[in-house]
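Here are my notes from a morning with this one.

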Amino acid sequence: MPSSLPRAARRTPSTSPRPVAVSAVVAAALAAGLLATGSATAAGTADAVRVHDIQGTTRISPLAGQQVSGVSGIVIGVRTYGSRGFWIQDPRADEDPATSEGVFVYTGSAPTVAVGDAVTVSGTVTEYVPGGTSSGNQSLTQITKPTVTVVSSGNALPAPTVLTTRSVPSAYTPEGDPAAGGSINGLTLQPGRYALDYFESLEGTNVRIGSSRVVGATDPYNELWVTVKPHENDNRRGGTVYGSYTSQNTGRLQVQSLTPVAERPFPKANVGDWLTGTTEGPLDFNQFGGYTLTARTLGTPADRGLERERTERQHRGELAVATYNVENLDPTDPQEKFDALAKAVVENLSSPDVVALEEIQDNNGAKNDGTVAADETLKKFTDAIVAAGGPAYAWRSVDPVNNKDGGEPGGNIRQVFLFNPERVSFTDRAGGDATTATGVVREKGRAALTHSPGRIDPANTAWDNSRKPLAGEFTFRGRTVFVIANHFGSKGGDESIVSHHQPPNRSSEVKRLQQAQAVNTFVKDLLEVQRTADVVVLGDINDFEFSGTTKALTDGGALHAAVTSLPRSERYSYVYQGNSQVLDQILTSPSIRRFEYDSVHINAEFADQDSDHDPQVLRFRP
C-alpha cells in the first residue's frame, strides 16, 4: 500500500480492552495447512511448550487456537493502559533465528506481574489482527485468558537485540504467495533477508535502539517514529522520503512508552530531532504503525532546531497560486487556529494571489442540521488574514449538497478559491451549483467556462461521497488562467505497508483513478478549444507523484506534475508513519513552461501543527 492512510488513520486514544478472537485468520491458516491440531506439546514430545514453539517459523502460530500450559519466561514489559497485558521472553533461546522467543500475554485488565518476574503462563494461543481481519494487517501472536504463576522476582532480563543499520535488512518484504491470495503468512521467515521478517522474528522480545533520528514527529497519541538507518532516503530536513511503492524505508520504527503519560509525559519531538541514549523494551505490533518499540526505557529528545519554511514572494509579473488543506476549518474552531493558519498564508506563503483551500467546513461545522453555507467560515478566515497583515482576499466556491461530499458528517467540506482582487480578477459566470456541471466553450477564439465558479462533472459516480472539483476562470495582467481545485478520495480502505498481503491491496486507488480521468478529460476539453490555455490543477490529490492517479492526471501530456521539478529528496507534503511523501500537488498545462515550485514545510514535520498538510506554491508568468 501506499505508506499513507491520512484520512482513515485518524483515531481516538483507546483505553478499553481489545477484542481477542481472530477465528477467520485461524480458519484460513487451518485450511492452508499452516496450523496443527491436537495436543500442545512441543515437537511431539512430552516437554513443556516453549515460547518459540508457540511462535513457530511463520507469522501464524502452529498452536493457534490451542490451550498451552506451563509456558515459562521472564517478564520484560508490562502495559497497564490500552491493550493491557505483559510480555514474556524465554532466556533459553533455540538456534533457529526465525522463531521469536517473546510473546504477549493479554490480560484485559491491569497485570499483577512486574518486570523481572519469572513466570509460567497457561492459556489459549490466539492470533490477534489489529484493526480486524478486513484491514489486511499481520496478526500478533499472543496468549489469552491466562493463568499466571510467579515463580521468582528480580531476575535479570534477557539481553536486548540491538536494531542497527546493519542488523535490519535492506529488502523490505518477500512477495506474497499467489496460491494464498498474495499473503506472506505461510512463508517461512527469512530474518536475514527481509526487514518485515526480521521484525517478526523479534516479535514480543526485548529490543534496543541507540541514538536515532526522528522521522515522524510526536503525534496526539503519544508516539513518534525514528530511523535506525540515518542515510536511507534521507532529506536535508531530517526526514525519510517515500519515493516509490518499493522504497518503504526499512529503518523506520514506531516508538511508544510503557509509562502512562499521567506519570511521565511523552517527549515532544519534531522531524530531524534525535532520540538520544538508549530506548529499550518489547517489540509490539499494532494497527497504527505495525512493529513498535514499546519502551520501558525511553531516550531523551535532542532538539535540532527545525524551522518552518517561508517561500519567496512573487515578483510583480508573476502569478502565485497555492493549495492548502486547512483540516476541517469551521467557525467553532478556536480563534487561535484561524490566526495561525492566517499567519501562515501571509508569512510562510507570502500572500499568494490565488489560494485553493481544501476542507473548509460549513458555518456550524460538524453539527448535522442541513447547513451547507460556509460564508461565516470564510469571513472569519479572511478577516484573520487581514489582521495578520495580508490582503483582503475575496472568495468563490460552490456549496455542496448536504452530506454528499464525504468528510466529517455534517461538516460539508468543500474547496474554495481565495484571491487577491488587487492582483487578480475572477470572471463570474452564473449558473454553477452543486449539481450543475461547468463546461468549455469558445469565446472570441479562446476557451471559457460555462459556469465560473463551477463543478466538473458532478454527476459522475467517481465523485460519489467525495468532493467535486471546483473550476474557476481568473484574469492576471490581461491573460486568462483556469484554476481547478481538487480534493480527491482518501486512502481509507487501503492496506498498510505492513499488510500480510505483499504487495498490499490499494483498493482506494480505483476511485482516485476515475477522478483523475475526469479531471484530465476536462483539461483536454480546454486545450482542444485553446491549445495555449493556461491551466493549473491543484489540491489535496491524496496520492503520490509516482501513482497511477498522477499518471492519469497527466495522460496525453495534458498536465505536468510540478512537484517532479524538485529534487527527489524534497518531494513531500505529508509525513505518515515516518515516511515523508507527496499527497498535495500542483499540475500545469503545457503552456506554463517556466515556473518555480515550492513545497512549504510548515506542518507535517512538526509536533505542533496547524494542519497535517504542507501547502504548495507555484509561481509563473502567464
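**Entry 1: a phenylalanine.** I began with Phe-476, which is buried at a relative accessible area of 3%; buried means under 20%, exposed over 50% and partly exposed in between, with a 1.4 Å probe and protein chains only. Phe-476 sits in strand β23 (residues 470–476). Helices (H or I, at least four residues) and strands (E, at least two) are DSSP runs, numbered from the N terminus.

I then listed what Phe-476 touches, skipping neighbours within four places in sequence: Arg-316, Gly-317, Glu-318, Leu-319, Arg-423, Val-424 and Pro-622. Contact here is heavy atoms within 4.5 Å. Gly-317 is 159 residues away from Phe-476 along the chain, and their C-alpha atoms are 9.0 Å apart.

**Entry 2: ground rules.** This is a predicted model, where local features need pLDDT of at least 70 and side-chain atom pairs count only at pLDDT 80 or more, while totals for chains, interfaces and linings use all residues. Residues are numbered from 1 along each chain as its sequence is written, and side-chain values use heavy atoms, with hydrogens and water left out.

**Entry 3: the barrel.** I found 5 strands closing into a barrel, in the order β1-β2-β3-β5-β4, with mixed pairing. The twist from one strand to the next averages 55°, taken between axes fitted to C-alpha atoms, with angles from 0 to 180 degrees between N-to-C directions. Strands pair if DSSP finds at least two bridges between them. I looked up β4 (residues 118–128) and β5 (residues 140–152): they run antiparallel, joined by 10 bridges. Tyr-128 has Leu-140 in β5 as its bridge partner.

**Entry 4: cavities.** I counted 2 cavities of 30 Å³ or more. On a 1 Å grid over the protein atoms alone, a cavity is a set of points where a 1.4 Å probe fits but cannot get out, and lining residues have an atom within 4 Å of a point. Points are joined across faces, edges and corners, and a volume is the space filled by probe spheres set on them.

The largest cavity holds about 100 Å³. Its lining has 13 residues, with Tyr-172, Trp-225, Arg-252, Gly-289 and Val-498 nearest the centre.

I noted its lining as Val-398, Arg-414, Gln-415, Arg-455, Lys-468 and Leu-470.

Conventions: 1 Å grid on protein atoms, 1.4 Å probe; cavity = no way out; pocket = protein on both sides within 12 Å on 5 of 7 lines; lining within 4 Å.
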